[in-house]
Amino acid sequence: MNTRVLTGITTSGTPHLGNYAGAIRPSIQASMLPGVDAFYFMADYHALIKCDDPQRIARSRLEIAATWIAAGLDPEKVTFYRQSDIPEIPELCWMLTCVTAKGLMNRAHAYKAAVDQNVARQQEPDDGITMGLFSYPVLMAADILLFNANKVPVGRDQIQHLEMARDIAQRFNHLYGQGKDLFVLPEVQIAEDVATLPGLDGRKMSKSYDNTIPLFEGGAKALRAAVMRIVTDSRQPGEPKDAEGSHLYALYRAFAAPQAAAQFRKQLEEGMGWGEAKDQLCILIEDELSPMRERYVQLMASPDRIEDILQAGAVKARRLAQPLMERLRVAVGLRAAPVPSQAPAARKSAGKRARFVSFRDQDGQFRFRLLAADGQELLLSEGFADPKAAGVAMGKLKDEPIASLLTRDDQVASLHLDGALVCRFDAALLPRVHEAVAELNQE
Ligand code: TRP
């Protein structure tokens with residue numbers, strides 16, 4: 001069973017070098033690990049909480065999507081989507097809002113900090129505080145719970161939000177789960193070994209300190225200009241430098257292999273001038289960034305391509321979100337539970353039915369899909385070398401009691417025939433698979 005790793009990127013700014021080394025690079029690496037299903041999304045509803053400038057929202061969305069793809073995110077492997085393309089998120093957000101204690105939200109750090117600031121300025125405690133800011137942790141819980149994420153990599157400032165998401169999930173499970181958990185309890189993941197880059201002045205690199213080094217914006221020239229502004233001490237070339245204490249070295253280390261970093265350090269300790277050290281740092285960072293920057297520029301020039309990638313991501317994400325939402329609507333009583341065996345005549349008149357569709361894949365293997373009456377793909381078979389074998393498998397699925405062929409491991413259901421694996425699919429789809437097979441049996 002793969003671990004689902006999910007994180008959101010608020011689309012209210014332009015990524016800088018610190019974002020790259022601290023979040024983008026490690027997240028992309030993590031998404032390539034075996035046994036990981038990564039869900040990375042652009043948290044554009046969250047951006048509206050902080051930013052009411054439509055142009056900035058639009059621009060940031062493009063820049064962030066282009067940055068992640070240019071930096072190597074593989075949209076085939078990662079489910080990469082935009083929050084506002086998933087209507088199930090605000091829908092779930094409302095369900096969660098209705099079980100979330102207001103008192104819990106009163107304790108949120110971000111809200112409390114805003115209140116404290118108002119009080120310190122002798123203003124009304126809630127002056128300028130929107131409901132978006134106040135209930136933001138509920139939206140974040142919806143982002144996470146909708147995909148039953150196991151691990152959520154975030155910065156330390158988000159730990160409390162993860163605790164709140166777990167609280168809310170537990171309450172929902174308790175109220176509506178009827179003994180079965182509707183939501184997985186997510187765990188926070190704080191990266192200890194990831195580089196927190198210092199900015200030009202040595203404080204943490206952050207837009208709010210105005211000390212950032214640009215990632216792609218402005219090209220190699222802007223990168224170089226920023227590196228030249230890194231603050232150093234006044235030691236002259238030839239004088240030994242305190243490498244360990246210099247943030248120039250900290251920046252170098254974040255991009256160099258250990259050996260090269262040790263070499264750089266030695267050179268500084270032996271008197272390399274800061275000017276030369278900056279030149280070396282530029283070359284090192286350029287080496288990693290320049291091929292990415294080329295892809296970035298191309299992507300920024302074709303927003304349609306970015307849009308296509310995001311739309312494909314939304315389809316992938318919704319394939320998981322829709323069946324869970326259907327279950328949740330039933331669980332809270334908004335919808336009746338699906339009735340598996342309706343009269344066949346009634347079904348027929350309703351138009352299309354569930355069906356198998358078989359095809360030959362790119363590798364020449366024979367596979368089939370089970371589609372629900374509404375066309376949703378419910379399962380995709382493993383490849384069969386022989387089309388007849390695929391046909392036999394489909395026949396058996398129609399004829400044998402499907403429950404006896406299914407096993408379920410937490411969130412993944414597997415279907416076996418005569419000991420051989422036929423397919424694995426999201427266990428949330430089980431009710432729909434049962435329903436579809438029941439329909440087929442009536443043919
Ligand atoms: N609030 C997060 C931040 O500011 C971004 C975010 C939104 C997020 N939804 C999320 C992170 C869900 C993890 C999971 O950094």
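Start with helices H3 and H13, which are oblique to each other (angles under 35 degrees count as roughly parallel, over 145 as roughly antiparallel, 65 to 115 as roughly perpendicular and the rest as oblique). This is a predicted model, where local features need pLDDT of at least 70, side-chain atom pairs count only at pLDDT 80 or more, and totals for chains, interfaces and linings use all residues. Residues are numbered from 1 along each chain as its sequence is written, and side-chain values use heavy atoms, leaving out hydrogens and water.

Select residues 54–70 for H3 and 274–301 for H13. Helices here are DSSP runs of H or I, at least four residues, numbered from the N terminus. The two axes come within 9 Å and cross at roughly 140°. Axes are lines fitted to C-alpha atoms over the stretch in contact, with angles from 0 to 180 degrees between N-to-C directions. The crossing is right-handed (the near helix is turned clockwise from the far one by less than a right angle; anticlockwise is left-handed).

Now show side chains. On H3, pick Arg-59, Leu-62, Glu-63, Ala-66, Thr-67, Ile-69 and Ala-70. They meet Met-292, Arg-295, Tyr-296, Leu-299 and Met-300 of H13. Contact means heavy atoms within 4.5 Å.

Next, select H4 (residues 88–97) and H14 (residues 303–332). Their axes come within 10 Å and cross at roughly 30°, so H4 and H14 are roughly parallel to each other. H4 passes H14 in a left-handed crossing. H4 brings Glu-88, Glu-91, Leu-92 and Met-95 to the contact. H14 brings Arg-318, Ala-321, Gln-322, Met-325, Leu-328, Arg-329 and Val-332.

Methods
Helices (H or I, at least four residues) and strands (E, at least two) are DSSP runs, numbered from the N terminus.
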